[in-house]
Amino acid sequence: MIWIVRGAVALAGLFFTAMGLTALFMPEQIGEIFQLTANNEIGRSAIRADLGGFFLGGGLLALAGVVRSNAQWLGAATLLILIALIGRFIGGLSGGFPEAVIQSMVIEIVLILILTTAMRVLPNK
């Protein structure tokens, strides 16, 4: 069970890290994924900073948490995703819940469940 949880957290961390690196080095591609405009340097800079920072931060926190078996690192990654989920919920209340938003919310809920499970299951060093 512990190895399954470690693997799931590592995959989530690697996915987030890859998304962060893509935001840093290919902001137009991330812009398309999230339907954001990256048609000038201000837009590209915002995508690099905001999405790159969010995804890299979350990914590195998750990876550090699983490698070091540290619930605090995992908790920090969980908090980032929870804040994003709350933002989507608020957006949905004000503008509706299109399918893409629901899909993102489901992914975030699954990631939160994986990380909180890891916080309970992994030995805390």
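**Helix packing and the nonpolar core**

Helix 3 and helix 4 cross in a left-handed way (left-handed if the near helix is turned anticlockwise from the far one by less than a right angle, right-handed if clockwise). This is a predicted model, in which local features need pLDDT of at least 70 and side-chain atom pairs count only at pLDDT 80 or more, while totals for chains, interfaces and linings use all residues. Residues are numbered from 1 along each chain as its sequence is written, and side-chain values use heavy atoms, with hydrogens and water left out.

Helices here are DSSP runs (H or I, at least four residues), numbered from the N terminus. Two packed helices are described by the angle between their axes and the distance between the axes. For helix 3 (residues 41-68) and helix 4 (residues 71-95), the axes come within 7 Å and cross at roughly 150°; axes are lines fitted to C-alpha atoms over the stretch in contact, and angles run from 0 to 180 degrees between N-to-C directions. Helix 3 and helix 4 are therefore roughly antiparallel to each other (under 35 degrees counts as roughly parallel, over 145 as roughly antiparallel, 65 to 115 as roughly perpendicular and the rest as oblique). On the helix 3 side, the contact (heavy atoms within 4.5 Å) takes in Phe54, Gly57, Gly58, Leu61, Ala62, Ala64, Gly65 and Val66, which meet Trp73, Leu74, Ala76, Ala77, Leu80, Ile81 and Ala84 in helix 4. Sorted by type, these residues come out as 12 nonpolar, 3 polar and no charged (Ala, Val, Leu, Ile, Met, Phe, Trp, Tyr, Cys and Pro count as nonpolar, Asp, Glu, Lys and Arg as charged, and the others, Gly among them, as polar).

Next comes the pairing of helix 1 with helix 5. Their axes come within 10 Å and cross at roughly 135°, which makes helix 1 oblique to helix 5. This crossing, too, is left-handed. Ile2, Val5, Ala8, Val9, Ala12 and Phe16 of helix 1 meet Leu111, Ile114, Leu115, Thr117, Ala118 and Val121 of helix 5, a set made up of 11 nonpolar, 1 polar and no charged residues.

The largest nonpolar core has 24 residues, and Val9 and Leu115 touch the most other members. Such a core is a set of buried Ala, Val, Leu, Ile, Met, Phe, Trp, Tyr and Cys residues joined through side-chain atoms within 4.5 Å. Helix 1 (2-25), helix 3, helix 4 and helix 5 (99-121) are the elements giving two or more residues to this core. Leaving out residues up to four places away in sequence, Leu115 touches Val9, Ala62, Leu74, Ala77, Thr78 and Ile81.

Glycine 13 sits in helix 1 and counts as buried because its relative accessibility is 0% (buried means under 20% relative accessible area, exposed over 50%, partly exposed in between, with a 1.4 Å probe and protein chains only). Beyond its neighbours within four places in sequence, glycine 13 contacts Gly59, Ala62 and Leu63. Arginine 44, in helix 3, is also buried, at 19%, and touches Pro27, Glu28, Ala38 and Asn39, not counting residues up to four places away in sequence.

Two loop residues other than glycine have positive phi. Glutamine 35, at about 55°, lies between helix 2 (27-33) and helix 3 and is exposed, at 71% relative accessibility. Serine 69, with phi near 50°, belongs to the loop between helix 3 and helix 4 and is buried, with a relative accessible area of 2%.
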